[in-house]
Amino acid sequence: MMSREGAIDRERRDLVTRQVMDESCLIRFVAGPDGSVVPDLARKLPGRGLWVAADRASVETAAAKGLFARAAKAPLKAAPDLADMVERLLTRRCLEQLGLARREGVLISGFEKSAAAIRSGRAAWLIEASDGSADGRGKLLALARHQATRACGAFTAEDLSLALGLENAIHAVLLTGGRADRWTLEVERLAGFRPLRPPEWGRDATEGSDRDLDGRGSAP
């Protein structure tokens, strides 16, 4: 089976449920030199991989029950805030991907340009600042629903502005293509740790399908 990036998908066993899953649905951890449990989101660190489903409950369970140490057959110690650490790292990776997308010219920002891109059918994702105005957000979400464009509101305007190098980033669109495919893999893992649809958005964000908003078919 081929992934969205053209590489062969590989399957690993989740430490918590013992179910075999595709790597894209898991977080890889390795043993640090000091006996700590280290997240390896890029799957590049040396050592035996310890795989856990990409959601907060699974990581917390693995840490609390000593499953990392059991799997590694070594006295590993997981930090109490390991799930928070994974969320921060995933957030950083997602924002870095957006910055790369803007430099590559496949991410556009601003209300009018975002609306035009959605109408054209070129938009893979609508990315809205979680703390932006409800009026503009609601209009773009309505367009996104009509075009079956997925939407994300996991980041604040400050987060997006820093990532994109803009003064006040509120509305953005990630265009279809390889960069969007790579970002989708990252943001779908992030969805296990923070809602991609802020609860305070209300009905302006929930009229669309759950699949389009959280990437997993669930409504966080």
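How many salt bridges does a search of the whole structure find? The search finds 14, and since this is a predicted model, they are features of a computed structure. Let's walk through a few of them.

## Pairs from the loop between strands 4 and 5

Arg43 and Glu23 join their side chains in a salt bridge, 3.8 Å from N to O. This one ties together distant parts of the chain: Arg43 belongs to the loop between strand 4 and strand 5, Glu23 to the loop between strand 2 (20-22) and strand 3 (26-31), and 20 residues separate them. Arg43 is partly exposed, with a relative accessible area of 31%, whereas Glu23 is buried because its relative accessibility is 7%.

Asp40 makes a salt bridge too, here with Arg28, and the closest N and O atoms are 2.4 Å apart. Distant parts of the chain are again linked, as Asp40 lies in the loop between strand 4 and strand 5 and Arg28 in strand 3, twelve residues apart. Both Asp40 and Arg28 are buried.

Glu87 and Arg56 meet through their side chains at 2.4 Å, N to O, in a salt bridge. Glu87 counts as buried, because its relative accessibility is 15%.

## A positive patch on the surface

On the surface, Arg13, Arg18, Arg48 and Lys73 come together in a patch of positive charge. One of them, Arg48, sits in the loop between strand 4 (37-39) and strand 5 (50-53). Arg48 is exposed, as its relative accessible area is 55%.

Note on methods:
Residues numbered from 1 in each chain as written. Predicted model: local features only at pLDDT ≥ 70, side-chain atom pairs only at ≥ 80, totals over all residues. Heavy atoms only, no water. Patch = residues over 30% accessible without salt bridge, like charges linked within 9 Å, V, L, I, M, F, W, Y side chains within 5 Å. Areas by Shrake-Rupley, 256 points an atom, 1.4 Å probe, with all protein chains shown as cover. Salt bridge = Lys/Arg side-chain N within 4 Å of Asp/Glu carboxyl O. Lys, Arg positive; Asp, Glu negative; His and termini not counted. Charge placed at Lys NZ, Arg CZ, Asp CG, Glu CD. Helix = DSSP H or I, 4+ residues; strand = E, 2+ residues; numbered from the N terminus. Buried < 20%, exposed > 50% of the residue type's maximum accessible area, 1.4 Å probe, protein only.
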